[in-house]
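Me: I would like to learn how to read a structure model feature by feature. Could we take one here and work through it together?

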Amino acid sequence: MKATETPPAVAATDPAPVSKSSAPAGKEKKSSEGKTLNVFSHGVLIIWAILVVLPLLWAIMSSFKDDDSILSTPWALPDKLHFENWSRAWSQAHMSDYFFNTIVVVGCSLIGTLLLGSMAAYVLARFDFPGNRFIYYMFIGGMSFPIILALVPLFFVMNNMGMLNTRHGLILVYIAYSLPFTVFFLTSFFRTLPGSVAEAAMIDGASHTRTFFQVMLPMAKPGLISVGIFNFLGQWNQYMLPTVLNTDPKYRVLSQGLVELASSQGYKGDWSGLFAGLVMAMLPVLAAYIIFQRQVVAGLTAGAVK
């Protein structure tokens, strides 16, 4: 009699059947949550863009309309482009003088801020010496100090030094005002740069000054552009400091000129000239951000990756 062969016991070792419906269900749930979050975030961004762009477009549109059209049909397109509004604001409202003063003050203060800030940040980031961290935290503390508390003593200091109502006095104040953030930003950026490049330059006989200006500073170009844009925006729109320290009408900057234009043109009813002056003040800021927006993003992300 032939013995029956028993099949090998493989059933015990086979893995338990996996439910095929559980994994796709979890993926579908995560996918639906991701789509919902994506739609919500895009909706918030669209609403934010409308809130920002709509007043800007309305101001530009109103700058090319006459006063009657601004008051009667504020949301309608202009019947024709009134370029005389811009010429009137530029010449009669002295916007040209305000622009010149602002360009001189902001240009000189921006160069001084980037130069002094980058030098201080490089030393704090690359050299160890007694008091290094103390000086660094002093700059950090300067960022948290409210400028309104320093207006009265700053006024008397500038008056005693003979720099009140002068362009160079306002330039020095702008530099001192912008240095804490500049040093804080560039110190973190210089720490991410490779130190082997500076060591190679020193071995080749380069001095510390030459190494900084010819090697390290060009490598920090993305960070310099980013912090330069932030300082440009802050200094261009600064109103409190020039109002207190620059009371001479001959040296007024653009922010003071816009307030003067709003008060004077408002009583005259010249709303078209007011909108033209407002758009003139906005254009340099918009142009600077549009031109350097890629560099700003690159500078902000470059310091985060070592």
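Me: Let me start with one residue. Where is Asn-165 found?

Reply: First, the ground rules. This is a predicted model, in which local features need pLDDT of at least 70 and side-chain atom pairs count only at pLDDT 80 or more, while totals for chains, interfaces and linings use all residues. Residues are numbered from 1 along each chain as its sequence is written, and side-chain values use heavy atoms, with hydrogens and water left out. Helices are DSSP runs of H or I with at least four residues, strands are runs of E with at least two, and both are numbered from the N terminus. Now your residue: Asn-165 is found in the loop between α6 (151-160) and α7.

Me: What is the phi of Asn-165?

Reply: The general idea comes first. Most residues other than glycine have a negative phi. Asn-165 has a positive phi, near 60 degrees. His-94 also has a positive phi, about 60 degrees, although it is not a glycine. His-94 lies in the loop between α3 and α4.

Me: Is His-94 buried, partly exposed or exposed?

Reply: His-94 is at 42%, so it counts as partly exposed. Asn-165 is at 22%, so it is partly exposed. For the chain of 306 residues, 34% count as buried.

Me: How many helices and strands does the chain have?

Reply: There are 13 helices and 0 strands. For the fold, look at contacts, meaning heavy atoms within 4.5 Å. Take contacts between residues at least 6 apart in sequence: 75% of them join residues at least 24 apart.

Me: Which residues touch the most other members of the largest nonpolar core?

Reply: A nonpolar core is a set of buried Ala, Val, Leu, Ile, Met, Phe, Trp, Tyr and Cys residues joined through side-chain atoms within 4.5 Å. The largest one here has 42 residues, and Met-95, Leu-186, Phe-190, Phe-232, Trp-236 and Leu-254 touch the most other members. Helices supplying at least two residues each include α3 (84-91), α9 (208-219) and α12 (254-268). The most, 9 residues, come from α4. Leu-254 shows the packing: beyond four places in sequence, its contacts include Met-95, Tyr-98, Trp-236 and Ala-281. There is also a second, separate core of 17 residues, with Leu-151, Met-163, Val-183 and Val-253 among them.

Me: How much space lies in the largest pocket?

Reply: Rolling a probe the size of a water molecule over the atoms shows where empty space is left. On a 1 Å grid over the protein atoms alone, with a 1.4 Å probe, a pocket is an open set of points with protein on both sides within 12 Å along at least five of seven lines; lining residues have an atom within 4 Å of a point. Points are joined across faces, edges and corners, and the volume is the space filled by probe spheres set on them. Here that comes to about 460 Å³.

Me: Which residues lie nearest the centre of the largest pocket?

Reply: Of 17 lining residues, Gly-142, Ala-176, Tyr-177, Ser-178 and Pro-180 lie nearest the centre. Two or more lining residues come from each of α5 (132-144), α7 (167-192) and α10 (221-236). The largest share, 7 residues, is from α7. To class the lining, count Ala, Val, Leu, Ile, Met, Phe, Trp, Tyr, Cys and Pro as nonpolar, Asp, Glu, Lys and Arg as charged, and the others, Gly among them, as polar. The lining has 12 nonpolar, 5 polar and no charged residues.

Me: What is Ser-178 in contact with, beyond four places in sequence?

Reply: Ser-178 contacts Thr-113, Asn-231 and Gln-235. Its relative accessible area is 5%, so Ser-178 is buried. Gly-234, in helix α10, is 56 residues from Ser-178 in sequence, yet their C-alpha atoms are 8.5 Å apart.

Me: How many salt bridges are there?

Reply: A salt bridge is a side-chain nitrogen of Lys or Arg within 4 Å of a carboxyl oxygen of Asp or Glu. The count is 1. Glu-260 pairs with Arg-252, the closest N and O atoms being 3.7 Å apart. Glu-260 is at 34% relative accessibility, so it counts as partly exposed.

Technical notes
Buried means under 20% relative accessible area, exposed over 50%, partly exposed in between (1.4 Å probe, protein chains only).
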